[in-house]
Amino acid sequence: MILYSHPFSSYCQKAIIALYENDTPYEARLLSDGESMAALEAIWPRRQFPVLEDGGRVIPEATSIIEHLAVHHPGPVALIPSDPAAAVEVRMMDRIFDNHVSSAQQRIIYNAIRPEAERDARIDSEARTALDQIYPWLDARVAGREWATDYGFSLADCAAAPALFYADWTHAIPDDLIHLKTYRARLLARPSMARAVDEARPYRDYFPLGAPDRD
């Protein structure tokens, strides 16, 4: 298998965590130059990443990659529950972390990297409001839980780890949301996420709001 990715990308980290959880062998194709991006474009014209190439199959999108791995390369850590009801909950939380945490966080980042004259204060304000709305909900959600659902470490936590990692840099989780902050800390202590974070350290200068020296 070949994973087209970059270690500093949150969605790439999501897929990489799943691969590391089960020690799944793969070749990492680092998207760092024109040649590697041309190779990606040849199989996925949108040029968004991560993309997994596996035996002639091309699988874009981190969630779909993790679903593919669960079917075709299962390991001891089952990231998708076999119980249908539990799987629905895991997939719901996966979408919440992607759509309501990562998406809002990235809107702030994309706005920040525009030329100053082209930045839109409304985008920044709306995205920060979205995070302010979802943070308390998530805090209540993870209270009393080790992971995002009662099922155990899952697809949902693969999504949560990079989402909360970068979101807290971009728009800090309030100190009083102790359940969410401790959940983020547990995610960062997970060996698969800790490895992904360490591999991304050389690229922290890419972070446009000033790369934190913590985490």
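Reply: Helices α4 and α5 cross in a left-handed manner in this predicted model. Their axes, those of α4 (residues 84-112) and α5 (residues 121-142), approach to within 9 Å and cross at roughly 150°. Because an angle over 145 degrees counts as roughly antiparallel, α4 is described as roughly antiparallel to α5.

On the α4 side, the contact is made by E89, M92, M93, I96, F97, H100, V101, A104, Q105, R107, I108 and N111. The residues of α5 that take part are I123, D124, E126, A127, R128, A130, L131, I134, W137, L138 and R141. Sorted by class, this contact comprises 14 nonpolar, three polar and six charged residues.

The axes of α7 (residues 178-189) and α8 come within 5 Å and cross at roughly 80°. Angles of 65 to 115 degrees count as roughly perpendicular, and α7 and α8 are therefore roughly perpendicular to each other. Here L187, L188 and A189 of α7 meet P191, M193, A194 and V197 of α8. By class, the contact of α7 with α8 has seven nonpolar residues, with no polar and no charged ones.

The strands come next. Four of them form an open sheet in the order β2-β1-β3-β4, and the pairing is mixed. At the edges stand β2 (27-30) and β4 (57-60), each of which pairs on one side only. On average, neighbouring strands of this sheet are turned by 20° against each other, direction ignored. In general, strands of a sheet pair through backbone hydrogen bonds, either parallel or antiparallel. Strand β1 (residues 2-5) pairs with β2 in the parallel sense, over four bridges, and S5 stands opposite L30 in β2.

Finally, aromatic pairs deserve mention. A search of the whole structure finds 10 of them. One of these joins F8 and Y206 in an edge-to-face arrangement, with 6.4 Å centre to centre and 90° between the planes. F8 lies in the loop between β1 and α1 (10-21), while Y206 belongs to the segment after α8 (191-200), so the pair ties together parts that are 198 residues apart in sequence.

How values were computed. Residues numbered from 1 in each chain as written. Predicted model: local features only at pLDDT ≥ 70, side-chain atom pairs only at ≥ 80, totals over all residues. Heavy atoms only, no water. Axes fitted to C-alpha atoms, helices over the stretch in contact; angles between N-to-C directions. Helix = DSSP H or I, 4+ residues; strand = E, 2+ residues; numbered from the N terminus. Parallel < 35°, antiparallel > 145°, perpendicular 65-115°, else oblique. Left-handed = near helix turned anticlockwise from the far one by under 90°. Contact = heavy atoms within 4.5 Å. Nonpolar A, V, L, I, M, F, W, Y, C, P; charged D, E, K, R; others polar. Pairing = 2+ DSSP bridges. Phe/Tyr/Trp six-rings, centres within 6.5 Å; stacked < 30°, edge-to-face > 60°.
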